[in-house]
Structure formats: structure tokens, C-alpha cells
Amino acid sequence: MEVKKVNADPTKAFFVHTITRDIKLEDCILDLIDNSLDGARDLLGSPEPSLERAINFSKYEVAIEFSEEQFLIRDNCGGISLDDAINYAFTFGRREADDPDAYSIGVYGIGMKRSVFKLGDDIVIRSTRPQPKKGAGEEPFKVTIDVPGWLRSNVWDFDLDSAEPLSAPGVEIVVKSLRENISAEFSNPAFENRLRRILSRDYSRFIEYGLTIRVNGKKVKAFEFNLLISDAIKPFHGEFTLKGVRVQIIAGMAARPSDTQDPDDEGEKEDRSGWYVLCNDRMVLAADKSELTGWGYEQKNRWHPQYRGFIGIILFSAQRADQLPLTTTKRNIDRDHEIYKLALARMIELTRDWIDYTNRRKSALDEAKSIERTAVYVPAFTTPTNKQQVYPRLTSAPRAQDVTIQYSKPLRVVRELAQRFGEPGMSAREVGSKSFDYAHRELVGGGD
Amino acid sequence: MASFDTVNYSLRPNKAIQRQIVFDGLELLDRYIPLKKSLYIGFGSIWFTDFVLAHRRLQISDMISIENKPIGALRGKFNSPFKTVIVEEGDSSVVLRDIANREKELEKPWVVWLDYDRGLTREVLDDVGIVITHAPINSVLIVTINAAAGSLGKGAGGRQHYLKNLLGDSVDDGLPQESFESEGIVGVLANALQNYLVAQAVQLGRPGGLVPGFKIPYRDGSQMLTIGGVLPAPAARSAVKACLQSVEWPGFPGVPVEAPPLTLKEITALQRLLPSAKPISRAQLRRIGFDLEDEQLRTYCEHYRRYPAFLQVVN
């Protein structure tokens, strides 16, 4: 039989309507910020990320503004060169021959296109490059994409025209004719709050380095990672390097473990415990309590409220971003990645130390609390190198035997009682316990 | 104990002003999305004041009053002001779900006023969720809650934690803890709850979203708060938004509704000075023979057109 060809050409609709489904709106915005930061890092000479050393990003700013009608992101991070624009920035996926900037975050050459396609139909990308000291600089340009028109045409290229320069060398992206669901989110103040929180956490390293990120005019503050430290409590801080990827780990006690084991208590939503995974300074996983970071790995040590209070931070740094264990959305880890597997083994050990401590702590609670109270908070990244996580040695004899009482009552009644106890947010468990203490005090006349 | 056992609903000037603001707003909205054929859902209690206003001012006929206790329901039925008011007994969440399951009730927009006397709880938000999920397009949702600081927990930290836990990202993370002190809490709660309604409409996939329309802090013995908005059809969204953001929209009063109790003689004397381009001064009041605190005077002047005049009826 004669060899025939099978058509494997990509379709434009695949890029506009299909891959845009794989990413959340906030992650799209993060993708655009990543491009800005790669530009800034390049201007700074591509310094290596490190938990100990600060890089000066204080000259750089990324401003994001959105409303029901339009989205805008503007940076002063150096802009896209004409050559990059023509040959690289707008291609769909990175070419084999493309050589990414060292320690960048952009890996797959898909972020910007996927993001703007997800946002809306009317897209204008403007870029202005810094003027060289000698000779002629590059002319500022803009790329305009009318998505419905582009989908209809047989040509894949976008039009690039000269443009008015931006106020500072950088990139500005404006998207109008927003998709209905995107416009709805942009009109939602809770989305803005959520985005600000995510940016604060995921770019905490860059913000600490001096980067300014503004959302609708308001500056985003860095999320603070603090760990407790004392003679009896010492976080782990170590590193290893494999195949050009440097792996740095910090793990320890960020808060006293929970006295309660109820999932609804102490505000699960606000819980910061778990593992934080960073790749070239960018947060990929935050407060993770899943099997991906070792909780419940091989059916052991699944996350449990008893383990609250632990924070682990792991930073992967590599000159080539494609050596990092992250997926295209930069919101997940490639768990089959060789280096990640190695790191995971270490993470499981560190988690195990904490689990053991919280178990020991249960039978010597008063002693543990009194030792924990002497510890002070320090910024996690400044903790000294320490190969062994240290938690208090507990000597107290086990407490008198306890018994757990469990009963069910209508929720409304429990809430009413909580209000009468003067704390409407009190958990059901606390209401039960307080009711018992109340009855015990009234009828028996003693404490516990 | 039901609030009608402790409060005489006919003698509450600020409650009356708040109701007038809501119905002034609904009357204005009626020009953009007709409300006459709506289903009014509320907690009519035994007084049905809002039901009477809904019928008189908006010509709404179909009405359901939710009453969760058997005696309350029986008294509600006895006091029902119109033939078309139906009193349904049960917890609000159960009754609301039940209404949402009846196809004929989904054929017309709803005007829902969840006028609680309790503070913000998970159950309140559950009811809100049911309405946002099921209310037909061009419905209106209004929620009134007790906004006293104590209803949200002890201390600024406790209240911040409680609100964050209930309303999540709708509470601004950037707010300093002092914002949750008793003095400022009603403003924080109002913004967060309004954000929550908008966020829920997005999250629950309502195509026209929710356009905020009411943010009325008022004092009715305790600090109270009314929040609400419209769930428009996508095609009506921009018109509704224009209406709710126009200068004549009354739903966002610049001054909290905390008018002082006044005698009929004082009301008459004050009214004769109004309307006035310049603020009425205390000196003017003194000239006519009485005086009020600055705040009381300012509040009265802001809301005087809606200030009720009560007379005791001797029978």
C-alpha cells in the first residue's frame, strides 16, 4: 500500500477554545506576570534564585487593572525585542532551537497566548524597548489580535505595527470584548481580593526582593513566612543539587499544633499549614496537604487537623526552566519528574518528624505548650542551615485517661447556644465542651 | 422567642425609614424591570408591613410569608392583610427550597426580603444561596440582619476570624484588625456581605450576575443592616446597573438611618424649614424653640421625607 499522509495540523480553535479551559483565570494573570518577571530578571543579568540571597527587583513594577469592560497589565520590565516578537513571543509553543533566558519561569511558550485568548476577543499588545546609550533604539510596536477575525482567516500570523512608545520600557497588554464569564469575575470584588491574596503568596519572594505589584491601583503586600525558633525548636534548612537543579528545603513549626481535631474548627479556609513548592522563586503549590507533597503517600500519614502548624518550603532552581518539575499551568507539579521524586522522599521524612511530635505532644500537652511558648517567630528564609529538625523533648507523664464524648444535636440549637456563650463563631466541639463544663460546674461544682 | 413578642413593629421610626427607602428603590426599579407580576417572599410575621407596601406601592399580589413556628404561622394566617398572602410554616431554608421546586413559582421574578432579626450566620448565607441559585431572572434579593458587634463575636480579632470564615474572600484581606472594632464593624460587614452576594452570583453561574442596590445601616434598638441587589437578565444588566448607580437611586443613603425619636410638634416645626439648599443649623432650631445633637439633626434632614408620623389611636 502506498504510504499516505495523516493530517496532524493544529487548529486555531484548539488554542482559543480548548487549551484555555485547562487554566484558571487567576493562573492566566499569573502567566502574564511571569513574563514580566522573566523580563526583569533578564535585565538584572539572570541571577540565580536562592533562599539566602536577595535580588534587587525594586526598580520593577507590574500594574494590573480590570473592570467589567477591560483588562490591562503594564510593566516596566524591558519589553519584548522586535526579534523576539517576530520569531518567538507569538509562536504557539517553544521551538526546539529556542534558548530561554536563564532562571526564567516561562517554559512552554504558551502562557501569554493562552491567557489573552481566555480573557477576550479584542487584544492589543504594545512593547517599548530601552533606548541604547549609542545608536538607534528599536521602534516601539504593537500587535493587534481580533480573535474572531483571526479564527476565520487561513493565516496564523498576527499583524505587527509601529506604535506610540509606552511611558517606560516594558509591555502593556489590553484586552477588551471580555468573555462573559471573565467579565462577571472582574466585576466580583471577592475575585479581586482572592487575586491579591494569591499574588501576595505566589510572588512573595519577588515582592520581598522589592518588586511592586499593583491590582486596581492598590499595592500587593508580601505574604510572610515565619517559623518558630528556640533552643528546643529548630527548623530544618538544607539543600542538595542534582543534574543542574538546586533544591533548598526549609521546614518547621509555624504555629502551635491544633488542640482540636475537628476539620470545621479553627477556620480551615485560613489554614496556612502544609508544603509550599517554588520553582525559580515562583510559587507553584501553596499550603499543600495532598499526596503530591507526601501527605497520605502510600496510604500513610494523610493530612489531619492534628498536624496543623507545620510549614515546609521547597525551592527548585534551574538555569533552564524546562528542568523544573512544573506543569504548563505552573499550578501543579510533574510528580514523575526525577528530581521531584528525590525531593519528595526528603519531604516525607520531614513531615514524619512533625507528625511524631504532634503525637507525643498529645500526652504531654501542658509541658509542650509551655516549651512552645518560649519560641519566637523569625522569617523562614533567614533560619540558619540545620540538618535536623528539632522539636521539644517531652518528659511529662501521660495525663489521666480521657474519654471522648460524642453526640449530635440540631445545628440551629448549637448555634443558639454558641451565641449565648457569647461567641457565635464557636465550633460545635467547643459548644459541647463548654456545655459539659457548665453542667459539671453547676452540678458537681468543680473544674475539670 | 420571636421578635414580634418583644418589639412593637408599629413604633420604629428607623425601621419605617429603611422600609421606605427599599420601596422607593423598588418603585424606581419597576420602571426598568416590571415587578407587578412578581412573587413577593418575606417574613411577614404578624404585622406584614412590607407585604402591605409591596401590594400598595408595587401592586404585587402573589405573596408568601415564611414563619418557622406553629403559633407564629397561625397568628400570621389570622393577620394576613390580603387574600393572596400565603403563610408557609417551616424553616426558611426548607420553605425557600420548596418554593424553588414548584414550577409555577419559577415563571415570574421574585422579590425576596429575608428580614432576619438575628445576626449573620451560616444559615443566613444558606438561604441567600438558595435564592441566588433558584430565583428567576430579574428577581430582587434583600437581606436584613442584626449587625451589632456582639453578634459577630468577641473582640476585633474574633470578629475578623468569624467573618473571614463565613464570607471568605469577600472580606478584604488588607483591612487592619482595628476595622473590626465595634465602631467600624457595620461598614466592614456591609461591604463584605455585599461582595459576598456579588461573588455568589458569579460562583453560582447567574448569567446577569447580581447588581448591588441596597446598603442601608440603620438603628432599630440594635444596629441593623440591609443589603441587597438585583439578579437581572443578561440583557437587562446594563439598564439595571444604570438605574442602581444613578443619583436618584435611594438604596445607598449617605447617612446611616439613625434618626432621633421626635414629637409631632418637633417634626412639624422641622419640616417647615425643609427642603433647604443649605444645611439646617442648630441656631435655626434654637430660634424656633428646641435643639438636637448635630448628628441627630443631620440624620433627620437626610431622611425627613421618609420619617413617619405616629399618632396613638385611642379606642
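The model is predicted: local features require a pLDDT of at least 70 and side-chain atom pairs count only at pLDDT 80 or more, whereas totals for chains, interfaces and linings use all residues. Residues are numbered from 1 along each chain as its sequence is written, and chains are lettered from A and ligands numbered from 1 in the order in which they are written.

Two residues are in contact if their C-beta atoms, placed from the backbone, lie within 7 Å. Where pLDDT is low, the predicted coordinates should not be read in detail.

The C-alpha trace of chain A spans about 85 × 65 × 50 Å along its principal axes. Its secondary structure comprises twelve helices and 15 strands; helices (H or I, at least four residues) and strands (E, at least two) are DSSP runs, numbered from the N terminus. Of the 448 residues in chain A, 38% are buried. A residue is buried if 20 or more other C-beta atoms, placed from the backbone, lie within 10 Å of its own, exposed if 12 or fewer, and partly exposed in between.

Gln323(A) is located in the loop between strand S14 (310–318) and helix H9 (338–362) of chain A. Gln323(A) counts as partly exposed because it has 19 C-beta neighbours inside 10 Å. Apart from neighbours within four places in sequence, Gln323(A) contacts Gly244(A), Val245(A) and Ala318(A).

Between the chains, 23 residues of chain B are in contact with 19 residues of chain A. On the chain B side, helix H6 (155–167) and helix H7 (185–203) each supply at least two residues.

Helix H11 (residues 294–303) of chain B has the buried residues Leu297(B), Thr299(B), Tyr300(B) and His303(B). Viewed down the axis of H11(B), these fall within an arc of 165°, so they line one face of the helix; the arc is that of the directions from the helix axis to the C-beta atoms. Asp294(B) and Glu295(B) are exposed on the face of H11(B) turned away from its buried side. The cover over the buried residues of H11(B) includes helix H1 (13–29), helix H9 (264–271) and helix H10 (282–288) of chain B.
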